[in-house]
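Please look over the sequence and the structure shown below before reading on. The report that follows takes up a few features one after another.

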Amino acid sequence: MPAAGAPRPRAARPPRQATGLRQRLAELRGPATTPRPLDARALAALAANPGCRRRALLDGAGVDKGALAQALGAPANFGQSQFAHQRGNSFEARVKADGGADLVRLLHERLRDGTEPPGPGAVATPDLTAPGPQGRTARTVLALREATEAGRWALLDHPMVSLDVAGSPAFLEPDAVVVHPDGSWTVVEIKSFPMVDGSADPAKVGAAARQSAVYALALERVASMIGEPPEGADDAAMTPSAAGPANTAGAAGAASPAGAADPVIPADATALAGTAKAADPADAADAADAADAASPMVPAPQAEAATPVEAADPAGATALEGPAASAGPAPARGRVRHQVLLVCPKDFSNLPTAEMVDVRKQLAVTRRQLDRLTRIEEIAAALPEGTTFDLRLTDDGRTPTRPLEELTAAVDTVDAAYAPECLSACELAAHCRTRSRGAGLVEALGRGVRGELGGLTTVDAVLTAAMERPADDAPTGDPAVDALRRAAALRAEALASRPEAVPCR
């Protein structure tokens with residue numbers, strides 16, 4: 001960041017190629033179609049399945065996958081009801097009442113670090129109002145800097161942060177971020193599913209942890225922009241304590257139906273994410289790691305000290321306008337805690353309770369998977385000329401007029417990496433499952449089976465490899481084929497011992 005009084009460097013002009021890409025993405029979703037925003041849930045789902053070029057392109061172009069699935073005759077079987085949305089908003093308003101005093105009190109109680117609790121009027125609530133997502137992002141950076149330098153409690157209600165994904169910014173909106181007097185920051189995730197006796201649905205907790213990890217990743221970039229911990233800091237003070245009570249819950253699963261409103265993404269910033277450079281069994285294993293790395297409510301430290309953030313790539317930083325960009329270097333010590341505060345209704349009431357959720361595992365997985373994403377223009381460039389996902393809606397904006405065969409052919413031009421886990425995270429999962437089963441692909445059986453079978457990609461190929469038995473019965477050198485033939489032989493022996501059994505294929 002330039003010194004005080006120094007001329008501010010001009011933001012680099014976007015290359016002409018980026019303008020062409022924006023035009024191409026607008027053609028893919030339809031010239032008259034408003035792009036859908038890419039939020040933290042979508043980013044977490046994309047990171048969990050980086051080999052799916054179809055989802056990467058549709059999300060990057062801002063295509064409404066729910067409307068697309070409806071037009072394809074395979075609507076998604078999950079979503080958020082109006083009642084759940086209203087209940088979630090009502091609960092969030094209750095949690096943040098009185099300037100967030102109760103929320104900060106809950107956080108202080110869960111930290112158990114022996115510090116004095118915040119007194120009346122001790123929590124600052126800066127105004128984050130600004131025009132547009134870029135303005136709100138700059139205002140959030142300024143508010144975080146000021147609150148960190150002030151050395152007091154502060155609650156940022158629905159701040160906006162940006163995360164560089166494949167060369168373009170995605171704007172994200174956490175429920176809240178709390179600034180501690182020591183300069184550390186805690187992400188707050190408010191959900192409407194109940195927490196009974198200190199435990200919640202592991203699947204929903206896992207989804208909340210993955211979503212919070214995306215927010216923490218974006219905040220780490222902000223922290224690296226406004227200040228780093230001083231050199232020579234005590235390493236012991238930066239390491240979380242091993243002491244503390246164990247919490248119970250935690251496995252990966254479906255996203256929680258309640259949450260904050262989706263953030264806004266500008267129409268000219270939709271070149272968001274690509275897909276993994278190679279869709280092989282190793283990629284599938286990595287994606288499975290992303291799904292499995294959600295055991296969030298693990299034994300948490302009693303008094304977690306914030307760990308220093310990693311330095312962000314300056315080339316990936318978005319040029320900020322206004323006071324946040326012109327301010328000189330500050331001694332702020334912004335640090336992002338690796339434990340987020342998950343706030344839920346206590347039992348089945350409307351009273352809030354909370355637990356600390358460790359997201360270090362989710363942070364590592366999300367960071368690794370997003371780093372492996374390739375730029376989306378490579379996917380768009382490989383499409384046939386004239387490909388578009390435009391539904392050609394009628395004037396009322398409800399009824400698609402695009403022929404089903406034409407729309408299906410357009411979707412099939414982009415490769416998908418279907419897995420049963422997609423059914424809880426992607427609107428197009430039902431369509432992809434139908435196509436995968438129709439083609440006899442082993443992906444429909446799960447990522448684990450796909451990884452074990454190696455180069456055998458179809459069910460017919462698996463059955464053929466299992467039933468073919470050479471005369472010398474020598475090993476083929478392919479572990480998957482040898483294991484299949486051994487299993488087929490054992491099955492044949494079992495059937496021979498029981499002639500009354502009916503063989504099946």
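This is a predicted model: local features need pLDDT of at least 70, side-chain atom pairs count only at pLDDT 80 or more; totals for chains, interfaces and linings use all residues.

Arg392 forms a salt bridge with Glu406, and the closest N and O atoms of the two are 3.0 Å apart. Because Glu406 lies in helix H13 while Arg392 lies in the loop between helix H12 (376-381) and H13, the pair ties together parts that are 14 residues apart in sequence. Glu406 is partly exposed, with a relative accessible area of 32%.

The general idea behind such pairs is that side chains of opposite charge can pair when their charged atoms come close.

## Other salt bridges

The structure holds 22 salt bridges. One of them joins Lys65 to Glu427, with the closest N and O atoms 3.6 Å apart. Lys65 lies in helix H4 (residues 65-71) and Glu427 in the loop between helix H13 (404-412) and helix H14 (429-438), so this pair ties together parts that are 362 residues apart in sequence. Lys65 is buried, at a relative accessible area of 7%, whereas Glu427, at 24%, counts as partly exposed. Both residues also belong to a network of salt bridges that links Arg55, Asp59, Lys65 and Glu427.

Another salt bridge is formed by Arg360 and Asp358, whose closest N and O atoms are 2.5 Å apart. Here Arg360 is partly exposed, with a relative accessible area of 40%, while Asp358 is buried, with a relative accessible area of 8%.

## Helix H17

Helix H17 covers residues 479-497, which makes 19 residues, and from its first C-alpha to its last it reaches 27 Å, close to the 27 Å expected at 1.5 Å a residue. At the start of this helix, a side-chain oxygen of Asp478 comes to within 3.0 Å of the backbone nitrogen of Ala480.

Which residues of H17 are buried? They are Ala480, Val481, Leu484, Arg485, Ala488 and Ala489.

Gly60 is found in helix H3, which spans residues 53-61. Gly60 is buried, with a relative accessible area of 1%. Although Gly60 and Arg22 are 38 residues apart along the chain, their C-alpha atoms are separated by 10.0 Å.

## Two residues with a positive phi

Most residues other than glycine have a negative phi. Against that background, it is worth looking at Arg112, which has a positive phi of about 50° although it is not a glycine. Arg112 has its place in the loop between helix H6 (101-111) and helix H7 (132-150), and with a relative accessible area of 41% Arg112 is partly exposed.

Asp347 likewise is not a glycine, and its phi is positive, at about 50°. This residue is found in the loop between strand S7 (339-345) and strand S8 (352-358), where Asp347 is partly exposed, with a relative accessible area of 31%.

Definitions and conventions
Residues are numbered from 1 along each chain as its sequence is written. Side-chain values use heavy atoms; hydrogens and water are left out. Helices (H or I, at least four residues) and strands (E, at least two) are DSSP runs, numbered from the N terminus. The expected span of a helix is 1.5 Å times one less than its number of residues. Buried means under 20% relative accessible area, exposed over 50%, partly exposed in between (1.4 Å probe, protein chains only). A polar contact is a pair of N or O atoms within 3.5 Å; within protein, one must be able to donate a hydrogen and the other to accept it, and residues adjacent in sequence count only if both atoms are side-chain atoms. A salt bridge is a side-chain nitrogen of Lys or Arg within 4 Å of a carboxyl oxygen of Asp or Glu.
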